[in-house]
Amino acid sequence: FDRAQPTADPPRHWFFGGKMIIDGEEKPKTLFQMVKETLPKGVENNSVIAFHDNSSVIKGYECDALLPTTFGKAGPMTVGKQTLHPLLTAETHNFPCGVAPFPGAETGTGGRLRDVTATG
């Protein structure tokens, strides 16, 4: 089963989270641990949310946004200032695999929406 879907997204999680053995020697950290170490705790950086549900958020900027005049009920909208932070995601949800070569992208839109809205 693992060999049947090496390009699907879930096996990539196993690969990046699995132990590495190179030339017979087990490495102390996984690839994902090494990636996360680039943002050490307590050090100033531009990360708002790092590595949460396949996504990360970096510090954004204040910009014009369409906002409701009253929250919680229908009403007119107005242009106001709001700070927006860019969200970045790397999981594509569109890889076919040996298990399901043609419908391999079935999680495409749903998986992308889930990853983005579940961040943080």
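**Figure 1. Serine 47 and its bridge partner in strand S4.** In this predicted model, serine 47 has isoleucine 58, a residue of S4, as its bridge partner. The two strands concerned, S3 and S4, run antiparallel and are joined by 3 bridges. Strand S3 covers residues 47–52, while S4 covers residues 55–58. Strands of a sheet pair through backbone hydrogen bonds, either parallel or antiparallel.

**Figure 2. The open sheet S3-S4-S7.** S4 also pairs with strand S7, which comprises residues 87–89, and this pairing is antiparallel over 3 bridges. Within it, serine 56 stands opposite leucine 88 of S7. Taken together, 3 strands make up an open sheet, in the order S3-S4-S7, with antiparallel pairing. Because S3 and S7 each have a single partner strand, they stand at the edges, and one side of each is left without a neighbour in the sheet. When direction is ignored, neighbouring strands of this sheet are turned against each other by 15° on average.

**Figure 3. Phenylalanine 51 and its surroundings.** Which residues does phenylalanine 51 contact, leaving aside its neighbours within four places in sequence? They are Phe32, Val35, Lys36, Leu39 and Ser56. Phenylalanine 51 itself lies in strand S3, and with a relative accessible area of 28% it is partly exposed. Lysine 36 is 15 residues away from phenylalanine 51 along the chain, and the C-alpha atoms of the two are separated by 7.6 Å. In a regular strand the side chains alternate between the two faces of the sheet.

**Figure 4. A nonpolar patch on the surface.** Phe15, Phe16, Phe32 and Val35 form a nonpolar patch on the surface, and together they have about 360 Å² of accessible area. Two helices, H1 (9–17) and H2 (31–36), each supply at least two residues of this patch. Valine 35 has its place in helix H2, and its relative accessible area of 35% makes it partly exposed.

Figure 5. Is threonine 30 buried or exposed? With a relative accessible area of 14%, threonine 30 is buried, since the limit for a buried residue is under 20%. Threonine 30 is placed in the loop between strand S2 (25–26) and H2. If neighbours within four places in sequence are left aside, the residues in contact with threonine 30 are Phe16, Gly17, Gly18 and Lys19. Of these, Phe16 also takes part in the nonpolar patch on the surface.

Figure 6. A search of the whole structure finds 4 salt bridges, including the pairs shown here. Side chains of opposite charge can pair when their charged atoms come close. Lysine 27 forms a salt bridge with glutamate 25, and the closest N and O atoms of this pair are 3.6 Å apart. Lysine 27 has a relative accessible area of 27% and is partly exposed, and glutamate 25, at 47% relative accessibility, also counts as partly exposed. The side chains of lysine 29 and glutamate 37 likewise meet in a salt bridge, with a distance of 2.7 Å from N to O. In this pair, lysine 29 is partly exposed with a relative accessible area of 34%, and glutamate 37 is partly exposed with a value of 45%.

**Figure 7. A salt bridge between two loops.** Lysine 59 forms a salt bridge with glutamate 44, in which the closest N and O atoms are 2.9 Å apart. The pair links distant parts of the chain, 15 residues apart, with lysine 59 in the loop between strand S4 and strand S5 (61–68) and glutamate 44 in the loop between H2 and strand S3. Lysine 59 counts as partly exposed at 44% relative accessibility, whereas glutamate 44, with a relative accessible area of 67%, is exposed.

**Figure 8. The chain as a whole.** The chain holds 3 helices and 7 strands, and from the N terminus on its elements run α-β-β-α-β-β-β-β-β-α. Of its 120 residues, 18% count as buried. The accessible surface of the chain comes to about 8900 Å², and 60% of this belongs to carbon and sulfur atoms. Among contacts in the chain with a separation of 6 or more, 43% are between residues 24 or more positions apart.

Note on methods. Residues are numbered from 1 along each chain as its sequence is written. This is a predicted model: local features need pLDDT of at least 70, side-chain atom pairs count only at pLDDT 80 or more; totals for chains, interfaces and linings use all residues. Side-chain values use heavy atoms; hydrogens and water are left out. Patches are made of residues with over 30% relative accessible area and no salt bridge: like charges are joined within 9 Å, nonpolar side chains (Val, Leu, Ile, Met, Phe, Trp, Tyr) within 5 Å. Accessible areas come from the Shrake-Rupley method with a 1.4 Å probe; for residues, only the protein chains shown count as cover. Helices (H or I, at least four residues) and strands (E, at least two) are DSSP runs, numbered from the N terminus. Buried means under 20% relative accessible area, exposed over 50%, partly exposed in between (1.4 Å probe, protein chains only). Contact means heavy atoms within 4.5 Å. Two strands pair if DSSP finds at least two bridges between them. Axes are lines fitted to C-alpha atoms, for helices over the stretch in contact, and angles run from 0 to 180 degrees between N-to-C directions.
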